[in-house]
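Trainee: I'm new to this one. Could you walk me through how to read it?

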Amino acid sequence: MKVVKFGGSSLADASQIEKVRSIIESDEQRRVVVVSAPGKRFSGDTKVTDLLIALGESIQTGDMDDAIYKQIIDRFRTMAEELNLPLRVAEMVRDKIDEAVKLVEKSSPHALDALKACGEDGSALLVSSYLHSKGSAASYVNPKEAGILVRDQVGGALVLEESFEQLYALRNRNEILVIPGFFGFTPEGQLVTFSRGGSDITGSIVAAGLKADMYENFTDVDSVYCVNPMYVDQPKQLTSLTYREMRELSYAGFSVFHDEALIPAFKEKIPVCIKNTNNPSAPGTMIVADLPERESHVVGIASDEGFLNLYVSKYLMNREVGFGRRLLQILEDEGVSFEHAPSGIDDMSVVLREHHLPPEKEEVVVQRIKEELQVDTVMIERDMAMIMIVGEGMNQTIGIASRAAVAFREADVNIEMINQGSSEVSMMFGVKSSNLSKAVQSLYHTFFE
Ligand SMILES: Nc1ncnc2c1ncn2[C@@H]1O[C@H](COP(=O)(O)OP(=O)(O)O)[C@@H](O)[C@H]1O
Ligand SMILES: N[C@@H](CC(=O)OP(=O)(O)O)C(=O)O
């Protein structure tokens, strides 16, 4: 049995949903389907999830944006009409949106999550009704009914272990099950969404719970490429990757698959295949537990912008027991999470996502570091980008860092920071955002051309 997840680009309009139907019906193993909210139909378009968030925020500021509300309702209505579905399907989607809007108006806790979830919920209603209208036995299954239980963390749910046993019971249902992705329920019945892009996580949880033979993740590219196609035209396609490699690459910027989505599939050793809805006969990329040794030791170069470096120096820092802990404690007290913390003898850098340290928090953090840690320097560098090179064989290969360093030199890019990942399958470089594109291109040239 296969669990199949379709991303927003695969559900953007009625013609995409027709492709989804054909993919599901072409393989009788594809029995459980997880869907995202309708995504972008063209570049410059807005994803339904983003529209729902904007709608929710407008209600919270006391002035509901009617134009956005209409845009959302129209998108679902148009799709339902073009798929020739009975009128009640679009009405059902609208009723659920209206219900969530009321919750936001009443400022109920988790109301924004309930509204965000309407995108996936609407897609699942459309897809299940469409399959049904074309003669397939198919049903909509709400995550509550499926047993997707999560820990309460608004906009960042974490799956609870007991979900997996409950999900297994779905194996007994002899029809195609369509489950909305992106959200689950707390044991008390509260709807909570995963982080953005979280339908990938739902797919993996469902695949693990059902002990599926494969988790297929359908998107809009033929495979995972060794570098984000935004930086390199037609980069090399990856036919296979290990879970560890894909997790590192996703975490560091391969937005094609959510970095948290690998763990459930990995625990059950379920192979994950990334495939293209617009070209389903392409083999895609397989993600598996182990692979025989490969010729190339670097398999991918991931990158992301929007970081800052919090740099702290203090003479004889290395002699001060607990310095690092106290620095990180200040961040923890202020609710700021960090990504990396490379350190030297007398200095330490903490790399953060810029949005985790807005200016008002920055002031408090810097002040506390000065006063409580009595440092010589505390400095914040913004507009940083991180580049990660990844590959299982890297730790036994001499010369990877030196080849990378040459690539940076050839691109005339200064390396602001280097960190060898503790997992030893990755190496991270910090550069100024303005240098990101040329640095990635030079690394691609060095390792893949
Ligand atoms: N290394 C990569 N390989 C393939 N796609 C990538 C990579 N890095 C970023 N992407 C982007 O990820 C996109 C697919 O992910 P996403 O937009 O989340 O799709 P979906 O709508 O299916 O959820 C691709 O269109 C591509 O632009
Ligand atoms: N719709 C949600 C969840 C998701 O997974 O979407 P997509 O599959 O389009 O990345 C989001 O935009 O965050």
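This is a predicted model: local features need pLDDT of at least 70, side-chain atom pairs count only at pLDDT 80 or more; totals for chains, interfaces and linings use all residues.

Trainee: How many residues does helix α6 have, and what distance does it reach from its first C-alpha to its last?

Mentor: In general, an α-helix has 3.6 residues a turn, so residues three or four places apart point the same way. Here, α6 has 16 residues and reaches 22 Å, close to the 22 Å expected at 1.5 Å a residue.

Trainee: Is α6 mostly covered or mostly exposed?

Mentor: Mostly covered: 14 of its 16 residues are buried, with 20 or more other C-beta atoms within 10 Å. Just after the helix, G135 takes a positive phi of about 95 degrees.

Trainee: Now the ligands. Which residues come nearest to ligand 1?

Mentor: G7, S9, T219, N228 and V256, out of 17 residues around it. By class, that shell holds six nonpolar, 10 polar and one charged.

Trainee: And which come nearest to ligand 2?

Mentor: There, 15 residues sit around the ligand, and G7, G8, S36, T49 and S199 come nearest. This shell divides into two nonpolar, 10 polar and three charged residues.

Trainee: Into which domains is the protein chain divided?

Mentor: Domain 1 covers 2–288 and domain 2 covers 300–448. Their centres, taken over C-alpha atoms, are 33 Å apart.

Terms used
Residues are numbered from 1 along each chain as its sequence is written. Chains are lettered from A and ligands numbered from 1 in the order in which they are written. Helices (H or I, at least four residues) and strands (E, at least two) are DSSP runs, numbered from the N terminus. The expected span of a helix is 1.5 Å times one less than its number of residues. A residue is buried if 20 or more other C-beta atoms lie within 10 Å of its own, exposed if 12 or fewer, and partly exposed in between; C-beta atoms are placed from the backbone. A residue is near a molecule or strand if its C-beta atom, placed from the backbone, lies within 6 Å of it. Ala, Val, Leu, Ile, Met, Phe, Trp, Tyr, Cys and Pro count as nonpolar, Asp, Glu, Lys and Arg as charged, and the others, Gly among them, as polar. Domain bounds come from an automatic or database domain assignment.
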